[in-house]
Amino acid sequence: MISPIARKLIGLYVKVRYYRVPSALRAFYKDTVMCKYRQGRYWFRDFVLRKPYKTLSFYGEFAPDLQFALPHAYWHYLNGTLQKTEAAKYTKELYFFSENHEEVFDTRTNEGNYNYDMPRVLYGQDYDMNKWQPVPLKEKYKNDVYVYERPILLIANRYNMEWGGPPISFLSLEVLEYIIENLSDQYQIIYNRPRPEHITNDNSEVYELNEYDWLKERYPHVILVEDLYKENKIQAKNFNHFQFCLYANAERFVSVHGGTATLASYFGGINIILSKKGPEHHFQCYQKLYPKFSGALIAHAKSDEELKLLVDEHLKTSPNE
């Protein structure tokens, strides 16, 4: 725990140092400083003793898990200091490197994001991070099962409550139509929007976009991930595991704000992200953080029209290419 006195001193420092930052965002600056402060107590064990001691327990949302908890655990694994990991359901394959991993949390929560035992939580003004190493999910799960005549274009969508209100960043039917009409000749398009029963709930309500029947009727050549999962030719142990195996064989992604975009950024190639709102814009996460996950080219669209332009720029190829 961070003492009340230390918290007050850190809060005062942040208020003075970042006085021009809007107050609603300043708390995230404070989080970064508190994380750095707390990491200091582990220096001797991390860099001198270097024996297994670290137990990392995380029950926050899927995106921060991928962004901060997982890479921190992997760094400890490579450093020889990882003892145990604890996380939500369906994460054993995510933390495949951890010899002692337990799925102990049935629900992901916003409160669980604030684990100051990590070098970062949520957003930060500084993404030159120590004790952080992205996990090679692509290398681990690449396979010869999900291979098609044309390269895969993975469309990763969501249609969830955002910030206590209706969906904001999602791929509408009109946007899906544009992508499919323009890119079907070049790619085997695979569409993914996980059902609530396939993922660990984070108290964010999932709404119905009514796109599944529309896709089947109008674009039967588009493969639905849920249909592939029903077959489960690769014998994945859960839906997360299945996604890793499928994404590992793709190099082109169109995804949306949150864990959906974060996961797609782990598999290299090009990932076009639709994010219309969020602290990620202020902290330039899509420019500074997301490319670190795999070296992928990240293109951020703030509107449907901008996404279409980025699709044309990055995913369309000329007949000679």
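Trainee: How are H1 and H2 oriented to each other, parallel or oblique?

Mentor: Two packed helices are described by the angle between their axes and the distance between the axes. Here helix H1 (residues 4-17) and helix H2 (residues 23-39) pack at about 130°, with axes 9 Å apart, and H1 and H2 are therefore oblique to each other. Angles under 35 degrees count as roughly parallel, over 145 as roughly antiparallel, 65 to 115 as roughly perpendicular and the rest as oblique. Axes are lines fitted to C-alpha atoms, for helices over the stretch in contact, and angles run from 0 to 180 degrees between N-to-C directions; helices (H or I, at least four residues) and strands (E, at least two) are DSSP runs, numbered from the N terminus. This is a predicted model, in which local features need pLDDT of at least 70 and side-chain atom pairs count only at pLDDT 80 or more, while totals for chains, interfaces and linings use all residues. Residues are numbered from 1 along each chain as its sequence is written, and side-chain values use heavy atoms, with hydrogens and water left out.

Trainee: Which residues of H1 and H2 make the contact?

Mentor: With contact meaning heavy atoms within 4.5 Å, H1 contributes Ala6, Arg7, Ile10, Gly11, Tyr13, Val14 and Lys15, and H2 contributes Arg26, Tyr29, Lys30, Val33, Met34 and Tyr37. By class, this contact of H1 with H2 has eight nonpolar, one polar and four charged residues, where Ala, Val, Leu, Ile, Met, Phe, Trp, Tyr, Cys and Pro count as nonpolar, Asp, Glu, Lys and Arg as charged, and the others, Gly among them, as polar.

Trainee: At what angle do helix H6 and helix H13 pack?

Mentor: Helix H6 (residues 173-183) and helix H13 (residues 304-314) pack at about 15°, with their axes 11 Å apart, which makes H6 roughly parallel to H13. The contact involves Glu174, Val175, Tyr178, Ile179 and Leu183 of H6, together with Asp304, Leu307, Lys308, Val311 and Asp312 of H13, and its residues divide into six nonpolar, no polar and four charged.

Trainee: How many cavities of 30 Å³ or more does a search of the whole structure find?

Mentor: Rolling a probe the size of a water molecule over the atoms shows where empty space is left. On a 1 Å grid over the protein atoms alone, a cavity is a set of points where a 1.4 Å probe fits but cannot get out, and lining residues have an atom within 4 Å of a point. The search finds one such cavity, and the largest cavity has a volume of about 50 Å³, a volume being the space filled by probe spheres set on the grid points, which are joined across faces, edges and corners. Its lining includes Tyr191, Arg193 and Phe239.

Technical notes
On a 1 Å grid over the protein atoms alone, a cavity is a set of points where a 1.4 Å probe fits but cannot get out, and a pocket is an open set with protein on both sides within 12 Å along at least five of seven lines; lining residues have an atom within 4 Å of a point.
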